[in-house]
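Have a look at the fold first, and then we'll walk through a few spots.

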Amino acid sequence: MITNEFNHSQEYLDYLKTLSSEFFLDILENSFIEVTVTDKDGNVLYANPACLEYHGISAEKMWKLNFLTSFQGFWTPPSTATAIEKKRTIISRQRSLITDEEHITITTPLYNPDHELVMLVYNTLKRESFVEFDLDYLNPEKETSDDDLKDKKGSREERTKASNNIVGRSYILYQTLHKLKKAAKSDIPILLLGESGVGKSLIAKFIHDCSPRKANPFVSINCASIPDNLIESELFGYVPYAFTGASPKGKKGLVEMADNGTLFLDEIGELLPNIQVKLLDFLENQRFTSVGGLESKTVNTRIITATNKNLAELVAKNTFREDLYWRINGITQTIPSLRERRDDIFPIAQYYLKEYNKKYSQNKVFSNPVIESLIQYDWPGNVRQLKNAVEQMAVMSLGSVIGIDKLPEQLGAFFANEGIKKRQVIFDDLVENYKRGIIEDYYEIYGNINDMAESLGLSQTTAYRLVNKYIKK
């Protein structure tokens, strides 16, 4: 029998053996806490439906993953090695290296009577579900006072408020943030590219927060939202009475307001040529002249720019200065679209649903069909569109569970049009699973490819190909 550090009386063990497998499965399948079981090598043997909420991956997909390698490098500290080394249950507060979110992971190694590791059981709980819970309670040698708990709770809350709210668990997002975190340490201009709505302004703030300038101002402006006749005065300010309607006190520009900090210029491709010239001079010399002024001012401002346009094409069309293009293009990073990082869709949706639950004083959750639909949709408007969709569903649904009928109209239309394709995919999967089952069964019966091929009426070449495809992966 598989054992751990917990002991039961023989009478109770005998009673447990009388219970059906359906009894235990019903408990697991309806557990709020995530339960994942792997073999000793980390291959998932079972995952309950709660894994969808914690990892954004359905149980069916988790079942085909290696739990260790699939999430390696995303959460710290790792718990599996410690649990195996100490041969006991390890309870740890893990932090995402991408989002800084936290959860509690309970890792239990199970051994056979010969003390050989057989499997590992993981339970995951959300940190916010246990705001008063502290791991010091697990150490009986250490006393924790009420004041200690208050201090630790406060520090966690402050850390949460200070986090950048970038939500996601995909490897491509991790790569992007890792590169930009290193770039943040320098003063090299950074150009962020990507589709509208991918969160370029949020990424720019992330860069600032990772830089030595983080204690100083982060100033942001959308160049497309400011009228052409005002953009220069917004950026560089103006002296008293510089133009009709100007303030008699003058005005400090955003470039100066961001002194020793960071200025983020979103939609930089919208700048007029005369502003491009002045911006280029500022980037080259860190100096500028306010509108109507005669004296130059010098500041120490780091510039981050962003656009959803192809600046190289604008340069070719002579609508964007080539010298400015190369000046802002010190480090370029394309922010991946939401459809390129589907693993992030559900965590982002959950994040915004939590925000809207708080805003509207409610406690709603997504149904599993809604979660699957959100993950399958392509989101041409990216995070901005997803955020709006979540708010719409949060407002329009009546009960506590958001059903499939509350999907926004554009999502409903998409799945209606894609229905035939989806049914074809389902049919293809059924056929593929049927073929796999036949090959696995016959290979197990005959034990060798030659006899299996003869029994099924297949050529040796076809039999070898199918065995390599379905069995010897």
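## The sheet and its surroundings

Let's start with the open sheet: five strands in the order S8-S9-S12-S7-S13, with parallel pairing. Bear in mind that this is a predicted model. Strand S8 (218-222) and strand S13 (331-334) sit at the edges with a single partner strand each, so one side of each has no neighbour in the sheet. On average, neighbouring strands of this sheet are turned by 15° against each other, direction ignored. As a reminder, strands of a sheet pair through backbone hydrogen bonds, either parallel or antiparallel.

| Strand pair | Bridges | Sense |
|---|---|---|
| S9 (residues 262-266) and S12 (residues 302-307) | four bridges | parallel |
| S7 and S12 | four bridges | parallel |
| S7 and S13 | four bridges | parallel |

Now for the charges. Side chains of opposite charge can pair when their charged atoms come close. How many salt bridges does a search of the whole structure find? The count comes to 15. One to look up is Arg-213 with Asp-187, where the closest N and O atoms are 3.1 Å apart. That pair links distant parts of the chain, 26 residues apart. Arg-213 is in the loop between helix H9 (200-209) and S8, while Asp-187 is in the loop between helix H8 (171-183) and strand S7 (190-193).

Finally, which residues gather in a patch of negative charge on the surface? They're Glu-22, Asp-26, Glu-29 and Glu-60. Helix H2 (residues 21-29) gives the most to this negative patch, with three residues, and Asp-26 is found in that helix, H2.

Note on methods:
Residues are numbered from 1 along each chain as its sequence is written. This is a predicted model: local features need pLDDT of at least 70, side-chain atom pairs count only at pLDDT 80 or more; totals for chains, interfaces and linings use all residues. Side-chain values use heavy atoms; hydrogens and water are left out. Patches are made of residues with over 30% relative accessible area and no salt bridge: like charges are joined within 9 Å, nonpolar side chains (Val, Leu, Ile, Met, Phe, Trp, Tyr) within 5 Å. Accessible areas come from the Shrake-Rupley method with a 1.4 Å probe; for residues, only the protein chains shown count as cover. A salt bridge is a side-chain nitrogen of Lys or Arg within 4 Å of a carboxyl oxygen of Asp or Glu. Lys and Arg count as positive and Asp and Glu as negative; His and the chain ends are not counted. The place of a charge is taken as NZ of Lys, CZ of Arg, CG of Asp or CD of Glu. Helices (H or I, at least four residues) and strands (E, at least two) are DSSP runs, numbered from the N terminus. Two strands pair if DSSP finds at least two bridges between them. Axes are lines fitted to C-alpha atoms, for helices over the stretch in contact, and angles run from 0 to 180 degrees between N-to-C directions.
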